[in-house]
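Reader: Please take me through the terms applied to this model. For each one I want the value and the cut-off side by side.

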Amino acid sequence: MSRHSTEIEGSRWLRIGGRIRAPLLLRELPRMVAFGCLERLLPLTERIDLGLEFHRIAHDRAIEMVHSARAVAEAELARGAGASTAAMEAVGASSAELAGRIARREQELWKVGIRFVPVDPTRTGAEQLRAGLERRLGELGFRARVPTHEVREALGPYDLSGIEARPLGYWHTLPTDGLAAFYPLGDEGVLERGGILLGLTLGEAAPVVVDRWSHSSYSWGIFGTTGAGKSFAAALMALRSRWQTEGLRTVILDPLGEFGGFAEALGGTVIRLGADARVRLNPLDPVTTGGDRKEKAGRVGAILRALWPSLLDEETAALDAAVSRLYERGPEVPTMGDLVDLVAADPKAPPRLAGLLEVFRSGSLAAVDGPTTLDPQAEVLTVDFRGIPENHLPVHLAYVLDWTYGLLRDAPGPKLAVVDEAHLLARHPATAEFLDRVVRHVRHFEGGFLLLSQSPDDFLRHESGRAILRNLRATLLLRLSPVSGAVAEFYGLTSGEADWLPRARLPVEAGYSEGLLRLGEAHLPIALICTTPELDFLTGALGARGPVPAAAATRPDGL
Ligand SMILES: Nc1ncnc2c1ncn2[C@@H]1O[C@H](COP(=O)(O)OP(=O)(O)OP(=O)(O)O)[C@@H](O)[C@H]1O
Ligand SMILES: [Mg+2]
C-alpha cells in the first residue's frame with residue numbers, strides 16, 4: 001500500500017496507518033529553560049515523539065540579529081511600550097549581554113526547529129496526550145500552539161536546509177545555552193565523588209551517586225506507600241554508606257521490628273522495648289542533653305505531650321512546671337516515679353494530671369520507670385518497638401529519639417540514624433517540633449537522619465513538619481497514592497510527575513522500586529536497583545522476625 005493511501009488529515013491531526021499524530025508547537029519559550037527540561041515534559045510512559053533540528057547561524061549574521069533584536073526592544077521602549085516595558089527592558093539587557101558573548105565567541109546562535117508529536121491509535125488518546133503535554137509545558141513557562149489546518153506542514157519531513165516553510169511556532173532562535181537546555185540527552189545522572197549509588201535514571205540508566213556528607217544537611221527522606229520498598233531502600237543505603245564510611249555508627253528506630261535481622265547480620269545489637277523488654281532507657285536521664293537540665297526539661301515536656309495530645313492548657317502548664325522543678329531541685333538522674341511523686345504532692349496540680357501520670361508507676365508504662373540499664377557499644381543498633389500498643393508508640397519513639405540524639409552527639413565520626421514510620425513523630429506538633437530540632441542539630445556532630453514514612457502529607461500539616469522536609473537534602477518519593485495537591489505544590493511536581501508517582505512500579509511488579517529522587521531542586525526519576533549479593537543479603541536479613549507480641553488495643557491511659 002502506498003503511504004498516501006493510508007493517510008487521513010484532520011484539522012488538528014494526521015492519521016498515518018493505524019496511528020494518529022497530534023503535533024504541538026511552541027508559540028513562546030520561557031526566558032529561562034532548565035537543563036534537561038525535556039525529561040520533565042516527556043514521561044517515559046507516554047508516546048510523544050520529539051523532533052528537534054538545529055542549524056548554526058553564521059557569526060556575522062548572528063551579531064546582526066542580536067543587534068536588531070536590541071534595536072527593536074529599544075524602539076519599543078522609546079515608544080512607551082506600556083505593560084510590556086519591563087519585558088522589553090529585559091530583552092534589551094539580555095540581548096546586550098548576548099551580543100557581547102557572541103562577539104567573544106562564547107555563544108553562538110542557532111535556528112532551532114522543535115515539534116512534539118503525541119502518537120496514539122485513537123484520536124481521543126492522541127488529544128489527551130497533547131492536552132497533558134500542553135499543561136506541563138505551561139507549568140514550565142512555555143506557551144504551546146496547536147497547528148490547526150497546518151498539520152502536514154508541521155509534520156513534514158526535514159529537508160536539512162533549515163529554510164523550509166513551517167507553521168508558526170516551529171522555528172526558534174536560541175543561543176547555545178538555550179539549545180543545550182533542550183537537548184534530550186541532558187540526563188547525565190549525578191556523580192558526587194565519594195558518594196553511594198542511589199539508583200539509575202529511568203531515562204538512560206545513568207548512575208546517580210550522591211554523597212551525603214558533602215551537603216549542608218546530611219539527612220534524607222524516603223516516602224512511599226506500603227510495599228513501595230522504603231525499608232529495603234533504607235537498609236540498602238545504610239549498607240552502602242557503611243562500605244563507604246568504615247565504622248559508620250548506625251542507629252535504627254524500628255517500630256515494626258523489620259531491621260533486627262539486618263543489625264544482627266552486621267554484628268550489631270537489637271534492643272527490644274516491647275512487652276518482653278529486658279532493658280530500660282530512662283526517658284528522664286539528662287545524659288541525652290549532655291547534662292543540660294533546662295534543655296532536658298523542654299524535651300521531656302514534648303515527649304509527654306505526645307502521650308496525651310488532648311491535655312488541657314492548665315494541665316500542660318502544670319506538667320511543664322513540675323518537670324522544670326524536677327530538674328531544678330530533683331535528684332541528679334530523676335526517674336518517672338520522681339515526677340509522679342512531685343505532681344502527687346502538689347496540692348495545686350490539676351487532679352487529673354496525677355491520675356494520668358500514674359501510668360508510669362503502676363500502669364502500662366511502668367517499665368520505663370527506673371534508671372537506664374543499657375550501655376550500647378555496638379556499631380549497628382536497632383531499637384525494636386514491636387509489642388508496644390500503637391497509642392504508646394509516639395512517646396516511646398520520642399524518648400528513644402532523644403536518647404539517639406545523645407548517642408550521635410557523643411560518638412566520634414559520621415553517624416546515621418534511620419527512623420521508620422516517622423509519621424508517628426510527625427503527626428503531633430510537639431514531637432514534630434522535637435524531630436525538627438534533632439534533624440537540624442545532628443549535622444553539627446556529623447549525624448544524618450534517614451526518615452521513612454508513607455506520605456509527606458503527615459509532615460505538611462504543620463510548620464515543624466514542613467521544616468523537617470525542607471531540611472532533607474535528598475528525598476526519594478517512591479510510589480505515592482494518591483499525590484495530594486499539598487505534596488505536589490510543596491515539591492514543585494509537574495502534573496506529569498504527579499500523574500506518574502501513583503504508577504511508579506513496585507518491587508513486586510518490577511523486581512526493583514521506581515521513584516522520583518529530589519536532590520536539591522533537581523528531580524530525577526530513578527530505579528532503585530541492587531546487585532545480586534546485596535539482594536540476597538537484604539532479603540535474608542530484613543523482615544519481622546520471631547513472634548510478634550500481641551499489641552494490646554488500649555486507649556491512651558486514663559483518657
Ligand atoms: N529495590 C528493591 N529491589 C528488590 N526488592 C525490593 C526492593 N525494594 C523492596 N523490595 C522487596 O519488596 C518488598 C517490600 O519492600 P519494603 O518492605 O521495603 O516496603 P516498605 O515500603 O517498607 O513497606 P511498608 O510500608 O509496609 O513497611 C520486600 O519484600 C522487599 O524485599
Ligand atoms: Mg517498611
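Reader: Why is Arg-440 called partly exposed?

Author: Its relative accessible area is 37%. Buried means under 20%, exposed over 50% and partly exposed in between, with a 1.4 Å probe and protein chains only. The 37% of Arg-440 falls in the middle class, so the residue counts as partly exposed. This is a predicted model, in which local features need pLDDT of at least 70 and side-chain atom pairs pLDDT 80 or more, while totals for chains, interfaces and linings use all residues. Residues are numbered from 1 along each chain as its sequence is written, chains are lettered from A and ligands numbered from 1 in the order written, and side-chain values use heavy atoms, without hydrogens and water.

Reader: What makes Arg-440 and Asp-436 a salt bridge?

Author: The closest N and O atoms of the two are 2.9 Å apart. The term asks for a side-chain nitrogen of Lys or Arg within 4 Å of a carboxyl oxygen of Asp or Glu, so the pair qualifies. Both residues lie in helix α15, four residues apart, about one turn of the helix. Helices (H or I, at least four residues) and strands (E, at least two) are DSSP runs, numbered from the N terminus. Asp-436 has a relative accessible area of 8% and is therefore buried.

Reader: Why can Asp-402 and Arg-299 be said to tie together parts of the chain?

Author: They form a salt bridge with the closest N and O atoms 2.5 Å apart. Asp-402 is in helix α13 (residues 393-410) and Arg-299 in helix α9 (residues 293-307), so the bridge joins parts 103 residues apart in sequence. Asp-402 and Arg-299 are both buried. The two also belong to a network of salt bridges that includes Glu-295, Lys-296 and Arg-437. The whole structure has 35 salt bridges.

Reader: What do Arg-427 and Asp-458 tie together?

Author: Their side chains meet in a salt bridge, 3.2 Å from N to O. Arg-427 sits in the loop between α14 (423-426) and α15 (429-442), and Asp-458 in helix α16 (residues 457-460), so parts 31 residues apart in sequence are tied together. Asp-458 is buried because its relative accessible area is 9%.

Reader: What makes Phe-223 and Phe-459 an aromatic pair that is edge-to-face?

Author: The centres are 5.6 Å apart, with 85° between the planes. Rings of Phe, Tyr and Trp (its six-membered ring) pair if their centres lie within 6.5 Å; planes under 30 degrees apart are stacked, over 60 edge-to-face and the rest tilted. Both values pass, so the name holds. Phe-223 is in strand β12 (residues 220-223) and Phe-459 in helix α16, 236 residues apart, and the pair links these distant parts of the chain. Phe-223 and Phe-459 are buried.

Reader: Why is the pair of Phe-259 and Phe-262 edge-to-face?

Author: The planes stand at 80° and the centres are 6.4 Å apart, so the pair is edge-to-face. Phe-259 and Phe-262 are both buried. The structure holds nine aromatic pairs.

Reader: How do you know that His-523 counts as buried?

Author: Its relative accessibility is 9%, so the residue counts as buried. His-523 is placed in strand β20 (residues 522-528). Its side chain has a polar contact of 3.2 Å with that of Arg-518. A polar contact is a pair of N or O atoms within 3.5 Å; within protein, one must be able to donate a hydrogen and the other to accept it, and residues adjacent in sequence count only if both atoms are side-chain atoms. The side chain of His-523 also reaches the backbone oxygen of Tyr-491 at 3.3 Å.

Reader: Which polar backbone atom is 2.8 Å from an oxygen atom of ligand 1?

Author: One of Phe-232. A polar backbone atom of Leu-528 is 3.0 Å from a nitrogen atom of ligand 1.

Reader: How many helices and strands does the protein chain have?

Author: The protein chain has 21 helices and 20 strands. Of its 559 residues, 53% are buried.
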